[in-house]
Structure formats: C-alpha cells, structure tokens
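Morning, everyone. Let me put today's model on the screen, and then we'll walk through it.

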Amino acid sequence: MQVTIKCPSCNADSGFFLVKDNLMGPFRCWKCKALFTIKVQKGELVKCEPLAEEVFTKAKADAAAKRKKAKEKSA
Ligand SMILES: [Zn+2]
C-alpha cells in the first residue's frame with residue numbers, strides 16, 4: 001500500500017510503501033531532513049509530529065542494542 005506524506009515543514013511529498021495498513025514510527029523528510037513521528041491508520045496519515053534528533057538517535061540506538069542482545073542470546 002502506498003502512502004503519501006506531506007512534510008509539514010517544507011511541503012515536500014514523500015511516498016511510503018507500507019506492508020501493513022497501520023504504522024507508527026519515525027520519518028525523515030528527504031528534502032529538508034526534518035524528523036517526525038508519523039502514525040498511519042488504514043493507509044491514511046493521522047498524525048505527524050516533529051521529532052527531536054536526539055530522540056530519534058536514541059530510539060535507533062535502543063533498537064540496535066535490542067537486536068545485539070537478541071543476537072548474543074541466539075549465538
Ligand atoms: Zn521537509
């Protein structure tokens with residue numbers, strides 16, 4: 001399913017391909033590099049909130065740490 005997200009800060013359209021109808025997660029505008037938390041429900045964008053760079057970086061680090069832990073467990 002294709003979802004189009006309009007960047008609230010620069011109005012650039014971003015095409016998103018979704019496997020599921022619902023999604024909540026970070027989104028980075030390809031044009032102005034602004035970060036947002038987006039929420040998609042039934043293929044429609046229902047929420048788009050500015051996201052601080054450090055929050056995004058931390059979320060990514062947390063996810064990487066979790067993956068590392070899971071890898072260590074299975075090894
Ligand atoms: Zn933008």
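One definition before we start. A residue is buried if 20 or more other C-beta atoms lie within 10 Å of its own, exposed if 12 or fewer, and partly exposed in between, with the C-beta atoms placed from the backbone. Next, the ground rules. This is a predicted model, where local features need pLDDT of at least 70, side-chain atom pairs count only at pLDDT 80 or more, and totals for chains, interfaces and linings use all residues. Residues are numbered from 1 along each chain as its sequence is written.

Start with the layout. The protein chain has one helix and five strands. Both kinds of element are DSSP runs numbered from the N terminus: helices are H or I with at least four residues, strands are E with at least two. From the N terminus on, the order is β-β-β-β-β-α.

Now the overall shape. The C-alpha atoms fill a box of roughly 45 × 25 × 15 Å along the principal axes. The radius of gyration of the protein chain is 14 Å, whereas a compact globule of 75 residues would have one near 11 Å. That radius is taken over C-alpha atoms, and the globule rule is 2.2 Å times the number of residues to the power 0.38. Of the 75 residues, 4% count as buried.

On to the sheet. Which order do its strands take? This open sheet of three strands runs S3-S4-S5, with antiparallel pairing. S3 (23-28) and S5 are the edge strands, each pairing on one side only. Neighbouring strands are turned by 25° against each other on average, direction ignored. The axes behind that angle are lines fitted to C-alpha atoms, for helices over the stretch in contact, and angles run from 0 to 180 degrees between N-to-C directions.

S4 (residues 35-41) and S5 pair in the antiparallel sense over six bridges. Pairing here requires that DSSP finds at least two bridges between two strands. Val40 has Leu45 in S5 as its bridge partner. Two residues sit between the strands, and Lys42 takes a positive phi near 50°.

How many of the seven residues of S5 are buried? The count is zero, and S5 (residues 44-50) is hardly covered.

Last stop: Phe17. This residue is in strand S2 (residues 13-17). Is Phe17 buried or exposed? Phe17 counts as exposed, because there are 7 C-beta neighbours inside 10 Å. The C-alpha atoms of Phe17 and Gly43 are separated by 9.9 Å, with the two residues 26 apart along the chain.
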